[in-house]
Amino acid sequence: MKSIGLYTVACAVALAFAQPAAAQEKLVVWFTKGFYAAEDKALDDMVAKFEKKTGVKVELSRYAVQEIIPKTVAALDAKNVPDVAFGHVYDFQVTSKWAYDGKLEDISDVINPIKDKFLKNTIETTHLWNDAAKKRAYYAFPLEQQTIHIQYWKDMLAEAGFKESDIPKNWKAYWDFWCGKVQTAHRKKSGKRSFAVGHPMGVDSTDSFYSFLTFMDAHNVSLVDANGKLTVDDPKVKKGLTAAMKDYTDIFTRGCTPPSSVNWKDPDNNVAFHNKTIMMTHNATISIVSKWVDDSTNDKLKPEEREQAKKNATELIATAAFPNKPDGKPFVYRAAVKTGVMFADAKNKKRGKEFIAFILEDENLIPFVEGALGRWYPVTKSGVARDFWKNDPHRLIVHNQFSAGTVPFEFTRNYKFTVLNNENVWAKAMNRVVSEKWTVEKAVDEMIARIKQVAN
Amino acid sequence: MSWKKAGTEARLLLVGIPVALWSAFPIYHIFLFAISSKDSAFSGALWPAQPTLRNFGAVFKQEHFFLYHFWQQMWNSLWIAATVGFLTLLIATCAAFAISRLRVRGGRLVMNAALFTYFIPAAFLAVPMYKAMSVYGLLNSSWSLVLAMVTLASPYAIWVLKQASDKLPWELDEAARIDGATPMQLFRLVYLPLMLPSLVAIGTYALLLAWNEYLYAFLLLSKETNVTLAVALGHFLSADDSPWELLMATGLLYGLPPAAIYYVFRRYMVGGLTAGAVKA
């Protein structure tokens, strides 16, 4: 009798727990948490519209940038994956590898009918090789993209006695201007230990490798060919890499960036900029100025704080492009296309594909991208044509940079570069030079050896 | 005081003062940020020019984008920690009583198994636990974290309580039995009152374990309205313009309940936990 009672209780408990699993049709969606409230609101609106349209319950979860990959990896290991997932760092670290390993669902049937609406560089990034199926197909979808910009305080520049028109346009003079003239003059006039440049060099930072790879682009270095084959044995490549590393580390050795920049994580150059420890920095979005734009309309702040935020955004901070390359030619920027995926083990593929097609519709995607206040650039032709990108001086610079054409990251051609980015071989080499006092040549040799070991 | 004693005191102070400062510095740093305005948080000053409690107001009123669910997340943490404390105590007390006082068969096996679980780091079990919870349809439910934490806390709790209850005089049980006490009466009227210090200590241990848990909470809970405050604090770092002053104010508030619990029960903690440290 007792055992029957226990059995009944156990069944009741099991049923109580199992009940949610047997509810209405659902779709599990994971997204990176937005940087601004408007981004999250746009996604919430999108989800509500989708639920109303289809009657499917969307279980939406949001994760911090640094958390979404560990969480997704755990889900993959447990074979209990979300149906659709989007992470701001998926493209840098995992999308290509997951596609190569056959972990992603082929969503070509969703993308092919609409592929003409996307900018060429963005849709190409999602056309990936699946080594398990031995085919290339659309294993991801693009949502937004980013590239690198320069931001500086106009008032600090003026305090040092210079005008914006004094900033040189060519590579060497540009860095000499900030590092030599501006920093020296600002320190003298303000009496503060200010630094001209915020130069990310931390190993645990995506900014550091984005910035270094941009310096590499300045020296026309391409580490892979069109087929993803390594080119590091080419003497020209090694020479270019060495020049890029020298230029990058020189800014530190000349004392133009705070000593702590060797340990900076992604937020730290923003923080140093906001508290005016540094006068300029290069950043892989315009998040610095977007923060002030956001603050300027934040009704939780005091009126004087909103006013100061507005002043910072509209008068005191400038967004600029990089100077011309050392060969005098204009810069062509590398763009990172932020990708979402559907997993091969997804439980509700039909609805998942419907959801992907739904969020890629202009009326859903545009508010989501623009909700980020310019920090992410659109991936569709209709998105970039909007006045939003022309009626603000900061966003106009971003628009012009993208409009001049972009180049993709190495990992879009050779997925093993995601491993090198994860390791951040670039920042490790910088640290060999600035912390361990290796010669640039020796550090570059070690870096090349590691690149060959991983990506050959 | 003799010179020798004074010398010993001085040596202890020489070690103790730096250690105390070293331990207090991070807490001071958190406090400093929490009472600083947004602009002065990174000024590097040892005390802000204009200390403010506004950050706490922003947290209480859920005024920032990352704080929209603060009270819900605080409640989640409280509910989960209290439930884990209660269930762990219930399971461990019954198990320890059965093994130690009733001498049920298989008790030794249970004790060895409890000890064995400590050879496996909790982090190794995270993915299998995630898989198990997904099979039972419990992912994203507070119960998944409660069950996981009870699983992790119970072996140690059973071990400590069993060792502590072994120290109780056997004659008390015999006297109660002679007076006609049933096992339940023995448990309620003799065992529980005598075990109170250890029970408080173990309950507090389980509660704080769940309160401070990050990895399992992060893996098993997903929706912003379901996660604990520990996980929600991680969201502050998702932006490259983290509002550090609010993060620190929230962190300080999150640290208060365990500090209060530890303070209230401190006299039980050392005695209760060490009661099981030596086999009787």
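How many residues of chain B are in contact with chain A? The legends below begin with that contact. This is a predicted model, in which local features need pLDDT of at least 70 and side-chain atom pairs count only at pLDDT 80 or more, while totals for chains, interfaces and linings use all residues. Residues are numbered from 1 along each chain as its sequence is written, and chains are lettered from A and ligands numbered from 1 in the order in which they are written.

**View 1. The contact between chain B and chain A.** 27 residues of chain B are in contact with 27 residues of chain A; two residues are in contact if their C-beta atoms, placed from the backbone, lie within 7 Å. On the side of chain B that touches chain A, the elements giving two or more residues are α5 (126-135), α9 (215-220) and α10 (229-235) of chain B. α5(B) gives the most, with five residues. By class, this side of chain B has 13 nonpolar, eight polar and six charged residues. Here Ala, Val, Leu, Ile, Met, Phe, Trp, Tyr, Cys and Pro count as nonpolar, Asp, Glu, Lys and Arg as charged, and the others, Gly among them, as polar.

**View 2. Chain B as a whole.** Chain B has twelve helices and zero strands; helices (H or I, at least four residues) and strands (E, at least two) are DSSP runs, numbered from the N terminus. The C-alpha trace of chain B spans about 75 × 70 × 35 Å along its principal axes. Of the 280 residues in chain B, 38% are buried. A residue is buried if 20 or more other C-beta atoms lie within 10 Å of its own, exposed if 12 or fewer, and partly exposed in between, with C-beta atoms placed from the backbone. Among contacts in chain B with a separation of 6 or more, 77% join residues 24 or more positions apart.

**View 3. The largest nonpolar core, seen around B:Met149.** A nonpolar core is a set of buried Ala, Val, Leu, Ile, Met, Phe, Trp, Tyr and Cys residues joined through C-beta atoms within 7 Å. The largest one holds 202 residues, of which B:Val84, B:Met149, B:Ile202, B:Ala206 and B:Leu220 touch the most other members. α6(B) supplies the largest share of this core, 15 residues. Not counting residues up to four places away in sequence, B:Met149 touches B:Val84, B:Leu209, B:Ala210, B:Glu213 and B:Tyr216.

**View 4. Helices α4 and α6 of chain B.** Helix α4 (residues 107-116) and helix α6 (residues 142-166) of chain B pack at an angle of about 130°, with their axes 8 Å apart. α4(B) is therefore oblique to α6(B). Axes are lines fitted to C-alpha atoms, for helices over the stretch in contact, and angles run from 0 to 180 degrees between N-to-C directions; those under 35 degrees count as roughly parallel, over 145 as roughly antiparallel, 65 to 115 as roughly perpendicular and the rest as oblique. B:Met111, B:Ala114 and B:Leu115 in α4(B) meet B:Pro155, B:Ile158, B:Trp159 and B:Lys162 in α6(B). The residues of this contact divide into six nonpolar, no polar and one charged.

**View 5. A:Leu316 in helix α14 of chain A.** A:Leu316 lies in helix α14 (residues 303-316) of chain A. A:Leu316 counts as partly exposed because it has 17 C-beta neighbours inside 10 Å. Leaving aside neighbours within four places in sequence, A:Leu316 is in contact with A:Trp153, A:Lys154, A:Asp155 and A:Lys311.
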